[in-house]
Amino acid sequence: MLLERLRENGVVGAGGAGFPTYKKLERAVDTVIMNAAECEPLLHKDKELLRHFMSPILDGMQLAMRQVGARRGIIGIKNKYKDLIHELEVAGAPRGIEVHALGDFYPAGDEFITVYETTKRVIPPGGLPGDVGCLVTNVETLLNVALDRPVTRKYLTIAGDVREPVTVCAPIGASFGDVLRAAGVAPESVAHVLVGGVMMGKLSHGMHEVITRTTGGLLCFPEEHILPRRYLADRPARDKIGRSACDQCSFCTEMCPRYLIGHPVEPHLAMRGLGFNLVGESMILGSQFCCECNLCSLYACPEDLFPKDACADNKVMMRAKKLQHPDTGRKDTRPHSMQEYRHVPLTSLIKKLGLSAYKNVGPLVEIAWDLDEVRIPLKQHVGAPAIACVQVGQRVEVGQPIGRAPDGLGVAVHASMRGHVASVGDEIVIRRND
Ligand code: SF4
Ligand code: SF4
């Protein structure tokens, strides 16, 4: 019953790729972990949600625990949020939910790292949290589980080169330009936007792009900032420099969080492989378990090279050739003896990325949305796209299904504003009624 409602309400992982929550809750585990680490610099929406909606979020966690049969609930949150930790301990204890204070490092929110830090269980290479009896879920996802209504809004932080960073609750399908304007940022003054985070985000293609169920932040940058320029580096130049400048110092590997929990990820080998045409060699295969956290490229490498991209390219090639590392699923994986000593403090990362000048806050603000149009993609989640169930000219209300859940993996999508359907394609455009 709960699973069917989650599918119909379009609840997906709000902090990552958008995996349908109903599917995730099908597997029995003994521990549910709320991932409140939010370790990407400048993002604040999870903390803001906990400050404003703690009780329903804990309700959502209890529902999830009951569904998967978990006796233990853990909230993983950075130890610096002392006020929240105290409140969560008080509110969580009667519900069988404990708090685990995480260090202030990146990437504490990578689910493999969160599971290890909170339970000391190592997910096998290529495995899932369920393989070690855990379910990891995002704060906003749990709020959506508890609210039991169609997901039509998305919380996200707007930060970076802006006067007042804020967290807003935006209609899904609103354009970046409309959302920035509503948050007091003139879109024409912003040269670049990193969507979702400065470490694992994507560089936006323009202000016409829209908010989806997985958009966690819009980080604004001026033309001259180093970060967007790093993201803009084209592949041939990137690989050519990598081939000639990588001195195989291995800092990228020694700092890699997945390598440190015992996975055979060795980005320095992926860099070595740039100069060769090696298929099926050990220097390529370890890339399979890279989570693309970007720590190697944006922090560890003293030459400012791109080992993360080398790993990402290897992963694509491996998928195409159906190659697998022999350690896939290996259960006796143990962390490196230096694991706990090589955490990268967020303060150091912020400094290295040139973000120190930006305000590192994002209070939740109310916005009275007055949009002319929204464009709602039918695919905002892992799985098949939703199937359009409205026609051009049809009037719709907020929360009305406009795409039904497909057969197989996938969820429904809903109107996020009142209006009429202006077009139906891969996205459904809804315009304000005259
Ligand atoms: S990519 Fe950078 S950190 Fe990695 S081995 Fe080469 S020079 Fe060293
Ligand atoms: S991006 Fe780099 S640091 Fe992160 S998991 Fe991959 S290889 Fe390791």
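Me: Which helix gives the most to the shell around ligand 1?
Reply: In this predicted model, local features need pLDDT of at least 70 and side-chain atom pairs count only at pLDDT 80 or more, while totals for chains, interfaces and linings use all residues. Residues are numbered from 1 along each chain as its sequence is written, and chains are lettered from A and ligands numbered from 1 in the order in which they are written. Two helices, α10 (251-255) and α12 (267-272), each supply at least two residues of the shell around ligand 1, where helices are DSSP runs of H or I with at least four residues and strands are runs of E with at least two, numbered from the N terminus. With three residues, the one that gives the most is α12.

Me: Which residues come nearest to ligand 1?
Reply: The shell around ligand 1 has ten nonpolar, three polar and two charged residues, with Ala, Val, Leu, Ile, Met, Phe, Trp, Tyr, Cys and Pro counted as nonpolar, Asp, Glu, Lys and Arg as charged, and the others, Gly among them, as polar. A residue is near a molecule if its C-beta atom, placed from the backbone, lies within 6 Å of it. Of the 15 residues around ligand 1, those that come nearest are Cys 246, Cys 249, Cys 252, His 268 and Cys 301.

Me: Which element supplies the largest share of the shell around ligand 2?
Reply: Around ligand 2 there are 14 residues, of which Cys 256, Cys 290, Cys 293, Cys 296 and Lys 308 come nearest. Two or more residues of this shell are given by each of α14 (295-300) and α15 (307-320). By class the shell around ligand 2 has ten nonpolar, one polar and three charged residues, and its largest share, three residues, comes from α15.

Me: Is Ala 245 buried or exposed?
Reply: Ala 245 has its place in helix α9 (residues 235-245), and, leaving aside neighbours within four places in sequence, Ala 245 is in contact with Glu 303 and Leu 305, a contact being a pair of C-beta atoms, placed from the backbone, within 7 Å. A residue is buried if 20 or more other C-beta atoms lie within 10 Å of its own, exposed if 12 or fewer, and partly exposed in between. Because 12 other C-beta atoms lie within 10 Å, Ala 245 is exposed.

Me: Why is one side of β3 and of β5 left without a neighbour in the sheet?
Reply: The open sheet has four strands in the order β3-β2-β1-β5, with parallel pairing, and two strands pair if DSSP finds at least two bridges between them. β3 (97-102) and β5 (134-138) each lack a neighbour on one side because they stand at the edges, each with a single partner strand.

Me: At what angle to β1 does helix α5 run?
Reply: Strand β1 (residues 31-36) is joined to β5 by five bridges, the two running parallel, and Thr 31 has Cys 134 as its bridge partner in β5. Helix α5 (residues 111-119) lies across β1, β2, β3 and β5. With axes fitted to C-alpha atoms, for helices over the stretch in contact, and angles running from 0 to 180 degrees between N-to-C directions, α5 runs to β1 at about 115 degrees.

Me: What is the radius of gyration of the protein chain?
Reply: The protein chain holds 16 helices and 18 strands. The globule rule, 2.2 Å times the number of residues to the power 0.38, gives 22 Å for 434 residues, and the chain is close to this, so it is as compact as a globular protein of that length. Taken over C-alpha atoms, its radius of gyration is 22 Å.

How values were computed:
Two residues are in contact if their C-beta atoms, placed from the backbone, lie within 7 Å.
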